[in-house]
Amino acid sequence: MIIKKSDIPQLLMNNVTGKIGGVVFSKRYGKTVISALPANYKKSNSERAVNNRKRFAVISNIATALNNVPEFKELWKGIAKNKMSSQNAAAKYIARQVGKDGNTEITSIFPADFSLLDCSLVEKNKSGFSVNVDFTQAIEYFTSKNAAGKASSPGNKNNSCASDNLKFVKIAALFIMRNSDFYTDRYKVISSEFLEVDGSKNGMIIEINLYGSDSQMLSVYSNIDVKYVAMLYNSDKSLLHVSGTHSIKDY
């Protein structure tokens, strides 16, 4: 490989990030970006500026919470298509559901409304909640898809969409916690365990259990909403399907 003179600064500073004096080094799409800090910066406390900071914090916190779930991170990577990070892709989508004053009206935590999994709330309390997940339509869909795949590709034994590969299901829930006398608003995703699908049944009840600090946090916020989805996996625990977003108001 021939190194051009113009490439030397980039090679030397390839792993440098952070602030040095009045210069900021950051990474963007594999390259080091250098920018200068402004000589003077006065933080505005105008209503508009305060609301903008609130809104940015809400969007960033929710996007971070969603990206802490490996399955969601992979989904957001697919949406990003290498044009941005999964974090930024999530933030861009969530931003449409956050008002100018930072108030949220979250109706969806992923931009596709899949309908092969039907969810309904069974019970909720301070220790968690349970949901009935019906995957009848998912079984029918993947069975027909697998049949079509076998018809077009005789001898194919590795089709991950086969109905007998629908092995696991789980719930992921975004807790939106607001209005505390002592703490700032909080956003956290809590997931259930992987539960194995019973081949003789078309549905099952799944529980989200809250322990320790997760349970205690419910007592310090007066306004708690939950947004949850169900996720279906094959035998390798590769994600096959995500339900639409469901809401539990005033948890």
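Predicted model: local features only at pLDDT ≥ 70, side-chain atom pairs only at ≥ 80, totals over all residues.
The protein has six helices and 12 strands. It runs to 251 residues, and buried ones make up 36% of them. The accessible surface is about 15400 Å², with carbon and sulfur atoms accounting for 50% of that. And if you take contacts between residues at least 6 apart in sequence, 60% of them join residues at least 24 apart.

Now let's go to α3, residues 70–80. Most residues other than glycine have a negative phi. Lysine 81 isn't glycine, and its phi is positive anyway. The residue sits in the loop between α3 and α4. Is lysine 81 buried or exposed? It's exposed, because its relative accessible area is 60% and the cut-off for exposed is over 50%.

There's another residue like that, by the way. Aspartate 250 also has a positive phi near 50 degrees, and again we're talking about a residue other than glycine. You'll find aspartate 250 in the segment after β12, which is 246–248. Aspartate 250 counts as exposed too, at 61% relative accessibility.

Two packed helices are described by the angle between their axes and the distance between the axes. For α3 and α4, the angle is about 80 degrees and the axes are 8 Å apart. That makes the two helices roughly perpendicular. Who's meeting whom? From α3 you have Lys73, Trp76, Lys77 and Ala80, and from α4 there's Ser86, Ala89, Ala90 and Tyr93. Sort the contact by class and you get five nonpolar residues, one polar and two charged.

Let me stay on α4 for a moment, residues 86–95. How many of its 10 residues are buried? Seven are, so I'd call this helix mostly covered, given that buried means under 20% relative accessible area. The list is Ser86, Ala89, Ala90, Ala91, Tyr93, Ile94 and Ala95. The cover over those buried residues includes α2, which is 47–67, and α3.

Over in α3, the buried residues are Glu71, Phe72, Trp76 and Ala80. Their cover includes α2 and α4, along with strands β6, β10 and β11.

The residue I'd zoom in on is serine 86, in α4. Serine 86 is buried, because its relative accessible area is 8%, and the limit for buried is under 20%. Which residue's side chain does it pair with? Asparagine 67: the two side chains are joined by a polar contact of 2.6 Å. Setting aside neighbours within four places in sequence, serine 86 is in contact with Asn67, Lys73, Trp76 and Lys77.

Next, past the end of α4, have a look at isoleucine 106, in the loop between α4 and β4. With a relative accessible area of 3%, isoleucine 106 is buried. Not counting residues up to four places away in sequence, it touches Ile62, Ile94, Gln97, Ile176 and Lys227.

Two more stops and I'm done. Alanine 57 is in α2, and at 33% relative accessibility it counts as partly exposed. How far apart are the C-alpha atoms of alanine 57 and aspartate 185? The separation is 9.9 Å, for residues that are 128 apart along the chain.

Last one: aspartate 214, in helix α6, residues 212–216. Aspartate 214 counts as buried, at 15% relative accessibility. Leaving out anything up to four places away in sequence, aspartate 214 touches Lys188 and Ile190.

Conventions:
Residues numbered from 1 in each chain as written. Heavy atoms only, no water. Helix = DSSP H or I, 4+ residues; strand = E, 2+ residues; numbered from the N terminus. Buried < 20%, exposed > 50% of the residue type's maximum accessible area, 1.4 Å probe, protein only. Polar contact = N/O pair within 3.5 Å; in protein donor to acceptor, adjacent residues only side chain to side chain. Contact = heavy atoms within 4.5 Å. Areas by Shrake-Rupley, 256 points an atom, 1.4 Å probe, with all protein chains shown as cover. Axes fitted to C-alpha atoms, helices over the stretch in contact; angles between N-to-C directions. Parallel < 35°, antiparallel > 145°, perpendicular 65-115°, else oblique. Nonpolar A, V, L, I, M, F, W, Y, C, P; charged D, E, K, R; others polar.
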